There are 2 protein chains.
Amino acid sequence: MSYNQTIVFKNKPVIIGSYSIVGPKEGKGNFGPYFNYVMKDDSFGEDSYEKAEKKMLESAIVGAIEDAKIKPKDIQIILAGDLLNQIISSSYAARNFDVAFLGLFGACSTMAESLAIGATFIDSSHFDKLVCATGSHFSSAERQFRFPLELGNQRPPASQWTVTGAGATVLSKTGKGPKITMATFGKVIDYGVNDVNDMGAAMAPSAMNTMLAHFKDTGRTPDDYDLIVTGDLGKLGSEILVDLMEYNGIKLGLNYNDCGQMYFTRNQNTLSGGSGCGCSATVFNSFIIDKLRKGELKRVLFMPTGALMSTTASQQGETIPGVCHAIVIESDIEENKKIDQNKKRRVTTTRKVSYGKKKEA
Amino acid sequence: MSYNQTIVFKNKPVIIGSYSIVGPKEGKGNFGPYFNYVMKDDSFGEDSYEKAEKKMLESAIVGAIEDAKIKPKDIQIILAGDLLNQIISSSYAARNFDVAFLGLFGACSTMAESLAIGATFIDSSHFDKLVCATGSHFSSAERQFRFPLELGNQRPPASQWTVTGAGATVLSKTGKGPKITMATFGKVIDYGVNDVNDMGAAMAPSAMNTMLAHFKDTGRTPDDYDLIVTGDLGKLGSEILVDLMEYNGIKLGLNYNDCGQMYFTRNQNTLSGGSGCGCSATVFNSFIIDKLRKGELKRVLFMPTGALMSTTASQQGETIPGVCHAIVIESDIEENKKIDQNKKRRVTTTRKVSYGKKKEA
C-alpha cells in the first residue's frame, strides 16, 4: 500500500544487527549504558578528527555485521552518509569493505534516509541484507561548519553539541528482530531561519511537515506510538515542534521526545542539546533497538531531522532548509495489531483529531 | 532475479521524460544539437555560480516533468545530488518543489546512482513516478575543489573540464519509452591515485570493477550492447579502462566510449575532456535517450563514474577512491530478445570471452 509520502512495506525488513560507538563525553551522557563502545579519547588513535570519524563509522559497520552474526560478504550494499564535505567519512569507510556502496546526504536525517532507502530495497525483493550507517564528530563538524575549536568561541544558548558517534543497522529480508513497517519520505522545508547556531528552529518545520504527512497518510494519531522521537531538534527545536503540531491540531504528549534533548545530562553544558548524524544514529542503534528487542517499546516513530546548511550557502545570504524522514519500527506486529483494535474502539469514542486547523482545548 | 551486485528489474521502469540544460561552451561542443536548452551565459542571471547551478538543476527537473507531460504533483519523490559541499544545488532546488526529496552523493556517478535507486523504487511497486537529477558548474567546482578562477592557474594535460549543465529523468511504472532493465551497484575502489588533476586515472579502476561485475553477474559480453558509455573518465581515463579491461580478458571495441571524451571538440581546449555530474547527466538526458527513443540505440550500458575526492581528505594525504554504478537501458525489450537469440547462436560458434585472465589474441 502506498500513499503520497508514506509507504507501507509488504515484506517488512527485519533489523538483525545494530551497533553504536561514541566519544567519551557522549558515554557520560544519559544513554551511556546503552552504547556498544565508548572511546577513551575522541581522536580514536588517528591523527585527525576526520580520520577518527571515518574509523568510528567503519567500526559501527563491522560491529553491526557481527551483531547480526553474519559475515561482511553476506552484505549486498552499504547505504551511508555523513556531514563532511563530499561525505568522506562514508566513502572512505566503504573503501575498506568489498561491498557495493551508495552515498547519501541528508545531513542529520541520514539515519532515517538510509533506513528508508534500505527498507524499500529489501521490500523490492532484490536485496537480502544491507547496512545503513551514519556518524558525526564534534570536532570535525565544528571546524567545517562554524569555527576552529582553537578560537574558543562562545556558544550561544540555542546552539547544539554535535555528537561524536556512529551507528549502523543491518536490515534483512528474513530473521528475527524488530521490523520496519512504514517509511514517510520528507520534503525540503524552509521557514526562513538563517542562524547557523539555531539548527533546532531551522529543522522543526520539516519535522512538523513530515509528521503531519505521516498522520494524514496513515490515519494514525500520536496515541498509536509508545515513542515518537525526533533526531536532533534539541531543547528549543522540540518545543517549537510541539507548538507547531498543536497549532495543527495535534497534541504531542509524554510519548514524544527528541534524541538531542535527551542525549546529555544537564551539567554537561551542551546548551540546547545534542545534534549531528551521530545523535539519532547512536540513540537508535542502542537504546531504541534495545527496547524494541526486549518488547519494552512496541511501536516507535523515528524521525531524524537534517538542517541542509552549508557555509557557502550561508555566506551567500541563504536561509537554512530542513528535511525529515520518518520510519516506523515495531517489536511484534501481530501483538501490536491486537492492541490497535482495542485502542480503536476506545479512541473513536473519546476523541477525534482534526487536521489543518487549531484544535479546540 | 538478483545477483551479487546486479539486479534485474521485474516491472521495468520507463523513462517518460528527460531534460538537459548546459552552458554556452557545452552548447558549442559535440552534443550541442541534442541539448534542450543552451544558456546564453553561465551565470544564468544569478549573482553567484552556486545559485546558477541550483537554477539549472531546477530547470532540468521542471523540463523533465514537462517532457513527461505530467504535473509536478504527479511526482512522488526527487532523487538528486551534486558536487557542492552538502549538495546545496540539489537541496535548495528541491526546496522549490512540494515533493519528497532524497539527497545523494556519488560525485560524478550521481546520475547512475539516482537512476539505480529510482528504478529499484519503481520496481518495489511503492512508487509510480519520480525524478532523478544531477548537475554541475565549471566555476563553482573549480573554486571549491581546485583554485579560484581569478588566479588563472595553468591546467595540466590530464585535467578535465567540469561540465556546466544539469540533466533530469522522469521514471514511471507505466507508459511508453526506453526502459531500465538492470542496475549494477558499484563498490568504492582505490588504486592509490592522489593527483586531483587526474580524475580519469582515479576513476578508471572503479569502472573496471563495476563492468567486470556486470558481465560476470549477467553472463553478457560487450557485444550485447550497441553502446557502452562511461561518464567522465576523459581521454586518459577511458584509455586506462580499455587497458584494464583487456588485462582482464575483455576487449572493448568501437561500441565503447566515454561522455567526457566525446563532450567537447578538439579546439575547445579542455585537455582530457569533460567531467562533473553534469557531463554524463546531460549526455544521457539528450543524445542517449533521444537515440533510444528513436530506436537508433537498442541497448545501452550507462556507467557514470565518480571520484570521491575532497579537499580535506587530499590535504590530509589521502588518495582518491572512485565509484561507478551501471544502468542498462533498452529501447524495445522484445525486439532485443530476438536479436539476442540470433546473436547467441553466432557468438557461441565464433568466440568465447574468458574472465579473470588475459584473453588470447
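In strand E13 of chain A, Arg299(A), Leu301(A) and Met303(A) point one way while Val300(A) and Phe302(A) point the other way, and all of them are buried. Buried here is a matter of counting: a residue is buried if 20 or more other C-beta atoms lie within 10 Å of its own, exposed if 12 or fewer, and partly exposed in between, with C-beta atoms placed from the backbone. Strands (E, at least two residues) and helices (H or I, at least four) are DSSP runs, numbered from the N terminus. E13(A) covers residues 299-303, and because five of its five residues are buried, the strand is largely enclosed by the rest of the structure. This is a predicted model, so local features need pLDDT of at least 70 and side-chain atom pairs count only at pLDDT 80 or more, whereas totals for chains, interfaces and linings use all residues. Residues are numbered from 1 along each chain as its sequence is written, and chains are lettered from A and ligands numbered from 1 in the order in which they are written.

E13(A) has a strand partner in E10 (residues 227-230) of chain A, joined to it in parallel by four bridges; two strands count as paired if DSSP finds at least two bridges between them. Across this pairing, Ile228(A) stands opposite Leu301(A). E13(A) also pairs with strand E16 (residues 326-330) of chain A, this time in the antiparallel sense and again over four bridges. There, Phe302(A) has Ile327(A) in E16(A) as its bridge partner.

Now for chain B. Strand E13 (residues 299-303) of chain B is mostly covered, with five of its five residues buried. Four bridges link E13(B) in parallel to strand E10 (residues 227-230) of chain B, and four bridges link E13(B) in the antiparallel sense to strand E16 (residues 326-330) of chain B. Leu301(B) takes part in both pairings: Ile228(B) has Leu301(B) as its bridge partner in E13(B), and Leu301(B) has Val328(B) as its partner in E16(B).

Phe302 turns up again in the largest nonpolar core, which has 226 residues; those with the most contacts inside it are Ile78(A), Val131(A), Phe302(A), Ile78(B), Val131(B) and Phe302(B). Such a core is a set of buried Ala, Val, Leu, Ile, Met, Phe, Trp, Tyr and Cys residues joined through C-beta atoms within 7 Å. Leaving out residues up to four places away in sequence, Val131(B) touches Ile61(B), Ala64(B), Ile65(B), Ile75(B), Ile78(B), Ala168(B) and Val170(B).

How do the two chains fit together? Chain B can be laid on chain A with an RMSD of 0.0 Å by a turn of 180° and a shift of 0.0 Å along the axis. The two copies are thus related as by a two-fold rotation axis. The same surface serves both copies, as 98% of the contact residues of chain B recur in chain A. The superposition is by least squares on the C-alpha atoms of residues with pLDDT of at least 70 in both copies. In the interface, 49 residues of chain B are in contact with 49 residues of chain A. Among the elements that give two or more residues to chain B's side are helix H2 (49-67), strand E4 (77-82) and helix H4 (110-123) of chain B. That side divides into 23 nonpolar, 17 polar and nine charged residues. For these classes, Ala, Val, Leu, Ile, Met, Phe, Trp, Tyr, Cys and Pro count as nonpolar, Asp, Glu, Lys and Arg as charged, and the others, Gly among them, as polar.

Within chain A, there are two domains, domain 1 (6-172) and domain 2 (179-350), with bounds from an automatic or database domain assignment. Their centres, taken over C-alpha atoms, are separated by 18 Å. The contact takes 55 residues from domain 1 of chain A and 60 residues from domain 2 of chain A. On the domain 1 side, H4(A) gives the largest share, eight residues. Helix H5 (residues 138-145) of chain A has Phe138(A), Ser140(A), Ala141(A) and Gln144(A) as its buried residues, and what covers them includes helix H2 (49-67), strand E6 (129-136) and strand E7 (161-162) of chain A.

Definitions and conventions: Two residues are in contact if their C-beta atoms, placed from the backbone, lie within 7 Å.
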